[in-house]
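Here are my notes on the model, point by point. Have the coordinates open while you read.

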Amino acid sequence: MLRVEQLSHSFHNASESVKVLHDINLFIEKGEMVALLGSSGSGKSTLLNLMAGFMKPSSGRIFIGDKDIVLLNENRLAEYRRKHIGFIFQSYELIPSLTVVENVELPLVFHTLSPSKRKKKALSLLEQVGLSDKTDLFPSQLSGGQQQRVSIARSLISEPYVIFADEPTGNLDTRTEEEILSILQRLNAELDTTFVIVTHEAEVAEQMGRIITLKDGVLI
Amino acid sequence: MRIFDLLKMSWGQIIRRKIVTLLCMIGLSVGCAAIIMAISISTSAQDYSQQQLNNEYKMDEITIQPNSIGGSGQQASQNGKGFDRGALTMQKLDVIKRLAHVKAVFPTLRLGNVEMIGTDGRISNVEVIGTDLSALPEFGFRFAQGGASTVLGAVVANYGATFGMIDAQVMKNLFEKLEKEPYNDELFLEYDQLNKEPADLFQKQVNFRTGNAATGTSPSTYKVSTPLRISGQLKVKSGSSEEYAIYEKTIYVSMDTARMLQSQLGLGQSGSLVKFDSVTVRVDDKKYVPQVEEQVKKLFLTTQSNLYQEEMIKQKFDQYRKIALGIGTFILMLASLSIFVAMTMSTHQRRRQIGVMKILGANLWQIRQLFMTEAAVLGLMGGATGLLVSTLILWGANNAIAKGLLTIGPQSIEIPPLALLAGVIFALITGVVSGIYPAISASRTNALEVIKNG
């Protein structure tokens, strides 16, 4: 379902070119929950960004379903992300001027779904993440863990093929971290949605179905 | 994206940044109000000037005169023999009367100057004009007493003709004194006073006299008409001053009476009773003036109307309006700078938010739409405020005019709906145009970069 072939990537500056990923080949099945583990500078975030279509690789191909996203232009990529990819950030990245339910609805605002349908969907997801009583609050009125749950609900609203999460528990305390991870596991089991979670913590990675380890830009 | 969503998100941003919104709106509303007021004041002033023009110049009237160029020549015109193509004849007058949109015609046949003698022997000099007396009221002549009569010998005196009937002997003595002392102010004053002496001529009998008194060996050459009756006295014509009207002494006579006077006194040129000096035509609306003029010219006559005056006024006010609009547009341009700066700042402050939206699937156009809608809403709000401000200012100005505290010509300043529309549209366009660059700039935000670096 998610296939990476011969993926390499280099960062260029004025004097030199630094290769951060070397011929990565990867296959992730639908419904899998994969941890992308590696220390700082291993290239895991770069791999995630490439798979999410935020960057173009120096070489190689990335298939989500049967579509090679490397070949898509910016607008087609935006459309593809909107329909098929969800994203969870380490620092939640909620829009402060929107309420909780509006934040969850946001990806569907860029669709043409009717407001009533998308609100219904958002409320249902908020219930699944245990925030049905916080729908009309603003992000600033929530704790970090609650904000991350809103972020999880938002990533699920467009029913994507795959959800990428970049250090989703990086800003949370241990108890909240466990809560979030258990929510992700439950949603993975219930919705059969693929999760690719970047982490540098082995404890977090161990709770995933599969661990892919990166070291110096190479899969080990 | 749905319009509702765009508006909702824009509104959310606008109310979050109250100070920036306020600054943008001040600039926009001042510009918009300036445009609305410029259009309103210049339109009201133009309407007022046109009204004044209509009163003074009779915009719905055409003066027709004979065409001497290309006719059979002045000679023919003067001696009345031969064919004069450009002459203003009775036949042409009949054709003109029947033209579409012609409401009334006022022919003028200048018979010349005569001495008018009252039954008490007092005399004044008057000009005699043959015309259709029934047309007088149609052309702004108002009767102070009496009216036009179809009876032969019944004549109408204008306002000036009812002044300055002076005893012949008194006049003779005064002229003799003036010949001896031409620079004596007192004599001139006396003469002026006599000229301003009112005379009640209504229903009185008068005679016209031409020729010269007997001098030395030369016998008198006087010719005196049969008695005439003043059937009506006119008021001062609207738009004329009473002071000057006193010196304009005219007696209007019917064409039959004119014919009679011609045979008795030899007034006018031979054959002139069938050729008028001029004809004034009134059309039912000034918009038909060019059409009627065109028709009249086909009769080989020359025409003159006052439409050019209107055109001159229009050009003058168009110029004023352009200047005022220029000022308004300049203010709006300044306002657009404030929106530009505010939106650019907003783009910078919201880079992270834009990045998130892009990651969540917003494409370039959708990001641009968001910012453009925000700018348009700001423009619309500025326009609406400008509309309110200009209405309040003009309401205040109208109150001041009504109380006599302000005099600008028009009695009130009307706001044309077009001005309101123009003001709001200008403000809206200013908003949208000044939002273009920030919108494009926002859409180019590198999502990954801003998420990573903040």
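Predicted model: local features only at pLDDT ≥ 70, side-chain atom pairs only at ≥ 80, totals over all residues.

1. Start with A:Glu177, which sits in helix H6 (residues 174-191) of chain A; helices here are DSSP runs of H or I with at least four residues, strands are E runs of at least two, and both are numbered from the N terminus. A:Glu177 counts as buried because it has 20 C-beta neighbours inside 10 Å. The cut-offs are 20 or more other C-beta atoms within 10 Å for buried, 12 or fewer for exposed, and partly exposed in between, with C-beta atoms placed from the backbone.

2. Leaving out residues up to four places away in sequence, A:Glu177 touches A:Thr169 and A:Leu172 (contact: C-beta atoms, placed from the backbone, within 7 Å). Its C-alpha atom is 9.9 Å from that of A:Gln148, 29 residues away along the chain.

3. Residues are numbered from 1 along each chain as its sequence is written, while chains are lettered from A and ligands numbered from 1 in the order in which they are written.

4. The largest nonpolar core has 113 residues, and A:Phe164 is one of those with the most contacts inside it. A core here is a set of buried Ala, Val, Leu, Ile, Met, Phe, Trp, Tyr and Cys residues joined through C-beta atoms within 7 Å. Helix H2 (residues 18-57) of chain B gives this core its largest share, 14 residues. A second, separate core holds 47 residues, including B:Met116 and B:Leu201.

5. As for A:Phe164, its contacts beyond four places in sequence include A:Leu48, A:Met51 and A:Val196.

6. Which residues of helix H9 (residues 289-297) of chain B are buried? B:Val289, B:Val292 and B:Val296 are. They span an arc of only 70 degrees around the axis, so they lie on the same side of H9(B) (the arc is taken over directions from the helix axis to the C-beta atoms). Among the elements covering them are strand E2 (102-118) and helix H10 (307-349) of chain B.

7. In chain A, 4 strands make an open antiparallel sheet, ordered E2-E1-E4-E5; strands pair if DSSP finds at least two bridges between them. Strand E2 (17-28) and strand E5 (67-68) of chain A are at the edges with a single partner strand each, so each has one side without a neighbour in the sheet.

How values were computed: Contact = placed C-beta atoms within 7 Å.
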